[in-house]
Amino acid sequence: MTSIDLRSDTVTRPDERMRTAMATAEVGDDVLDGDPTMRRLEDRAAELLGMPAALWVPTGCMGNTIALMLHLKRGDSFLAPEDAHVLNHELGTAAWLAGGMPQALPCDVGPGRFSPDAVRAATDNTGPYHSMRTSLLCLENTHNSAGGTVLPPEEHGRLVAVARDQRLAVHLDGARLWNAAVAAGVSPAELTTGVDTVQSCLSKGLGAPMGSVVAGTEEFVGEARRIRKMLGGGVRQGGVVAAAGLVALERIEDLAVDHDNARALADGLAELGWRVREPQTNILLAELPGLTQAEALERLTALGVLAGPMAGQVRFVTHRDVSKSDIDEVLNRMRRSEWAGSSSTTARS
Ligand SMILES: *Cc1c(COP(=O)(O)O)cnc(C)c1O
């Protein structure tokens with residue numbers, strides 16, 4: 001029985017076309033005096049994101065860390081939605097490397113979404129000199145641990161506007177901004193309006209083996225290049241991986257297939273009695289009443305269906321290496337199993 005891997009969209013492997021592009025990439029020394037394929041990737045990424053300039057970084061975490069290091073001073077605090085990646089999944093680098101005190105914003109609008117009032121309530125920079133200064137708002141689109149939820153363009157605009165009123169800089173963790181854009185039916189650039197900096201991953205649903213971009217002004221990217229070097233992220237013949245990134249950026253529209261597959265999986269699981277949260281993109285959070293998260297994951301693994309834990313639930317992530325027939329196969333394996341195929345009640349929320 002072959003396993004069907006729905007743990008994450010990071011498990012996607014470079015296909016033949018991407019490997020050929022990597023093997024034949026024109027390269028230089030990107031630390032010494034530049035790599036032509038890196039330049040092309042960074043220009044293309046900046047254009048797609050609607051930002052003046054972009055910098056390739058090995059990982060999304062490094063992209064976020066670099067941005068936060070440039071936005072924050074010691075004694076500052078920054079705001080991010082509760083369970084944000086920068087708060088929970090980056091080993092505290094926002095605090096120990098960037099020097100910012102993290103402050104979680106309650107998601108008072110819905111999963112992964114908070115109101116302008118929440119930003120206002122959390123930003124009081126009128127205290128005496130020894131109070132912390134809140135200087136940055138971090139957005140996350142899509143919001144990973146809330147279940148790949150989309151911050152639509154109007155709502156994004158309102159949050160950027162309140163941040164400006166409060167004199168906060170804005171960083172967007174857009175690891176899956178491509179998914180948000182496809183789901184909202186807008187260009188990625190429409191979801192970066194007004195932000196100072198944005199980080200987006202090439203190594204998730206778009207299928208590159210590694211790499212992210214962090215984008216902002218020319219001046220920001222100049223400084224970001226220095227910080228990347230400090231963190232050990234300057235690479236030499238980076239064109240080999242940038243070539244994969246260029247192929248990845250041609251595949252943004254393909255993400256719609258992953259979103260359809262996530263919905264098909266949600267429908268099938270609901271028929272099997274799972275409580276599912278309607279997916280907006282390629283991430284599906286679900287639970288089977290009566291089973292703990294660990295029990296559900298263990299039983300899925302026994303069926304050759306790999307999923308992951310997230311926010312107390314089972315997280316299924318669809319991606320370009322699983323097809324609609326793989327999703328059908330997942331549901332068939334569950335229907336045939338005793339523990340997941342017996343219930344006919346449907347529960348949706
Ligand atoms: C994956 C992810 C990152 C970090 O990317 P890595 O390349 O794994 O370091 C940052 N933010 C969010 C929301 C993510 O999902």
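In this report Ala, Val, Leu, Ile, Met, Phe, Trp, Tyr, Cys and Pro count as nonpolar, Asp, Glu, Lys and Arg as charged, and the others, Gly among them, as polar. By these classes, the shell around the ligand has three nonpolar, six polar and five charged residues.

The model is a predicted one, in which local features need pLDDT of at least 70 and side-chain atom pairs count only at pLDDT 80 or more, while totals for chains, interfaces and linings use all residues. Residues are numbered from 1 along each chain as its sequence is written, and side-chain values use heavy atoms, with hydrogens and water left out.

**Ligand site**

The ligand is surrounded by 14 residues, the closest being Gly60, Cys61, Asp173, Arg176 and Lys204, where a residue is near a molecule if one of its heavy atoms lies within 4 Å of it.

| Side chain | Ligand atom | Distance |
|---|---|---|
| Asp173 | nitrogen | 2.6 Å |
| Arg176 | oxygen | 3.0 Å |
| Lys204 | oxygen | 2.8 Å |

Taken alone the ligand exposes 380 Å², of which the protein buries 85%, with accessible areas computed by the Shrake-Rupley method and a 1.4 Å probe. Helix H3 (60-71) and strand E7 (197-201) are the elements that give two or more residues to the shell around the ligand, and H3 gives the most, with three residues. Helices (H or I, at least four residues) and strands (E, at least two) are DSSP runs, numbered from the N terminus.

**Annotated domain and backbone**

An unreviewed UniProt entry carries the annotation "domain: Aromatic amino acid beta-eliminating lyase/threonine aldolase" for residues 5-285; such annotations may be inferred rather than shown by experiment. Over residues 5-285 the chain is 40% helix and 16% strand, and the end C-alpha atoms are 15 Å apart.

Two backbone features lie in loops. The peptide bond from Asn141 to Thr142 is cis, with omega near -5°, and Thr142 is found in the loop between strand E5 (133-140) and helix H7 (153-165). Arg167, although not a glycine, has a positive phi of about 60°, and Arg167 is placed in the loop between H7 and strand E6 (169-173).

Terms used. Polar contact = N/O pair within 3.5 Å; in protein donor to acceptor, adjacent residues only side chain to side chain.
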